[in-house]
Amino acid sequence: QVQLVESGGGPVQVGDSLKLSCTASERTYAMGWFRQAPGKEREFVASIAWSGATTYYADSVKGRFTISRDNAKSAVYLQMNSLRPEDTAMYYCAFRRSSYAYTEASGYEYWGQGTQVTVSS
């Protein structure tokens with residue numbers, strides 16, 4: 001059982017930045033970030049291949065968010081800039097036993113508990 005622990009969320013103002021972190025209990029493969037706002041379905045945010053060479057982003061965050069990883073620390077990060085109220089959600093880190101990044105939640109086997117991001121105007 002892989003344990004994932006997210007951190008870095010919190011309340012911020014419009015235009016602010018936050019960096020989310022996720023640490024895994026074992027070697028990481030492809031990793032992803034998803035988010036879920038109240039009353040909405042979980043949605044893809046970003047993913048990164050094991051090598052870090054391939055990344056994918058949701059259209060809504062392209063140019064504002066950056067996913068990165070540190071395999072030596074079994075960690076993945078999500079740098080979020082120019083935050084908007086619509087970015088308010090619980091953010092989840094996800095893990096899949098594959099080297100290839102993936103954009104569908106169904107492709108991930110393990111999930112963290114989430115970290116709340118609240119953006120107010």
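Predicted model: local features only at pLDDT ≥ 70, side-chain atom pairs only at ≥ 80, totals over all residues.
The protein contains 11 strands and zero helices. The C-alpha trace spans about 40 × 25 × 25 Å along its principal axes.

Of the 121 residues, 45% count as buried. The accessible surface comes to about 6100 Å². Carbon and sulfur atoms account for 46% of that surface. The protein carries 12 positive and 11 negative charges, and their mean positions are 4 Å apart.

Side chains of opposite charge can pair when their charged atoms come close. A search of the whole structure finds five salt bridges. A network of these bridges links Arg35, Glu43, Arg64 and Asp87. Within it, Arg35 pairs with Glu43, with the closest N and O atoms 2.6 Å apart. Glu43 is partly exposed, at 36% relative accessible area. Arg35 is buried, at 5%. Arg35 also forms a salt bridge with Asp87, at 2.9 Å from N to O. Arg35 lies in strand β4 (residues 30–36), while Asp87 sits in the loop between β8 (75–80) and β9 (89–96), so the pair ties together parts that are 52 residues apart in sequence. Asp87 is buried, as is Arg35.

Another salt bridge joins Lys62 and Asp59, whose closest N and O atoms are 3.2 Å apart. Asp59 counts as exposed, with a relative accessibility of 65%.

Terms used. Residues numbered from 1 in each chain as written. Heavy atoms only, no water. Helix = DSSP H or I, 4+ residues; strand = E, 2+ residues; numbered from the N terminus. Buried < 20%, exposed > 50% of the residue type's maximum accessible area, 1.4 Å probe, protein only. Areas by Shrake-Rupley, 256 points an atom, 1.4 Å probe, with all protein chains shown as cover. Lys, Arg positive; Asp, Glu negative; His and termini not counted. Charge placed at Lys NZ, Arg CZ, Asp CG, Glu CD. Salt bridge = Lys/Arg side-chain N within 4 Å of Asp/Glu carboxyl O.
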